[in-house]
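I opened the notebook for a friendly walk through this model.

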Amino acid sequence: MNDLFTWAALGSLTGASAATLLATNVIGGLIGPSGDKARKWIALGVALLLSYLTAAFADDAGPEKWIIAFFNGLVIFSAALGVNQLPPGNRQATQASPTQLAQGQEPRFVRSWV
């Protein structure tokens, strides 16, 4: 149980980014290929939710924590998105899009949604 997510891990940048990436890919996978456009918005929503939840539990911070939580959410989103994939020239070329897959090949579960 110590190797899974904990509240402390979700409050860190690494844990929140991993949770955002995981939740986005699971939800996007459940929606299917038609949900690929929504993955960015799902990721942003999950990142902001985790950031605001962390801010809500911060007792020693003042009212500015809500503004800081917004920017922390953007940092989490950027880390989950993979800032190294921006601009588009830095992205890795994929062999085929999900609609152009060869017979017998399955789409990758984790694929770029930028």
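Below are my entries in the order I made them.

**Ground rules.** I am working with a predicted model, where local features need pLDDT of at least 70 and side-chain atom pairs count only at pLDDT 80 or more, while totals for chains, interfaces and linings use all residues. Residues are numbered from 1 along each chain as its sequence is written, and side-chain values use heavy atoms, with hydrogens and water left out.

**Overall fold.** I found 4 helices and 0 strands in the protein chain, and from the N terminus on the elements run α-α-α-α. Helices here are DSSP runs of H or I with at least four residues, strands are runs of E with at least two, and both are numbered from the N terminus. I then checked burial: 27% of the 114 residues are buried. Buried means under 20% relative accessible area, with a 1.4 Å probe and protein chains only. Among contacts (heavy atoms within 4.5 Å) between residues at least 6 apart in sequence, 57% join residues at least 24 apart.

**Helix α2.** I looked up the length of α2 (residues 13-31). Its 19 residues should span 27 Å at 1.5 Å a residue, and the end C-alpha atoms are 27 Å apart, so the two agree. The expected span is 1.5 Å times one less than the number of residues. I listed buried residues of α2, among them Gly15, Ala16, Thr20, Thr24 and Gly28. The cover over the buried residues of α2 includes α1 (7-10), α3 and α4. Just after α2, I noted that Gly32 has a positive phi of about 100°.

**Ser17.** Where does Ser17 lie? I placed Ser17 in helix α2. Ser17 counts as buried because its relative accessibility is 8%. Its side chain reaches the backbone oxygen of Leu13 at 2.7 Å. Not counting residues up to four places away in sequence, Ser17 touches Ile76, Ala79 and Ala80.

**Helix α3.** I ran the span check on α3 (residues 39-56) too: 18 residues at 1.5 Å each should span 26 Å, and the end C-alpha atoms are 25 Å apart, which agrees. The buried residues of α3 include Arg39, Ile42, Leu44, Leu48 and Ser51. Which helices do the buried residues of α3 pack against? I found α2 and α4.

**Ala47.** I picked Ala47 in helix α3. Ala47 is buried because its relative accessible area is 0%. Leaving aside neighbours within four places in sequence, Ala47 is in contact with Thr20, Gly73, Ile76 and Phe77.

**Lys65.** I found Lys65 in helix α4 (residues 65-81). Lys65 is buried yet has no salt bridge, and the nearest side chain of opposite charge, Asp59, is 6.0 Å away. A salt bridge needs a side-chain nitrogen of Lys or Arg within 4 Å of a carboxyl oxygen of Asp or Glu. For charge, Lys and Arg count as positive, Asp and Glu as negative, and His and the chain ends are not counted. Leaving aside neighbours within four places in sequence, Lys65 is in contact with Ala55, Ala56 and Ala58.

**Record check.** I looked at the unreviewed UniProt entry, whose annotation "transmembrane region" covers residues 42-59 and 66-83. UniProt positions are in the numbering used here, feature names are shortened, and annotations may be inferred rather than shown by experiment. In the model, residues 42-59 are 83% helix and 0% strand, with end C-alpha atoms 28 Å apart.

Methods. Buried < 20%, exposed > 50% of the residue type's maximum accessible area, 1.4 Å probe, protein only. Polar contact = N/O pair within 3.5 Å; in protein donor to acceptor, adjacent residues only side chain to side chain.
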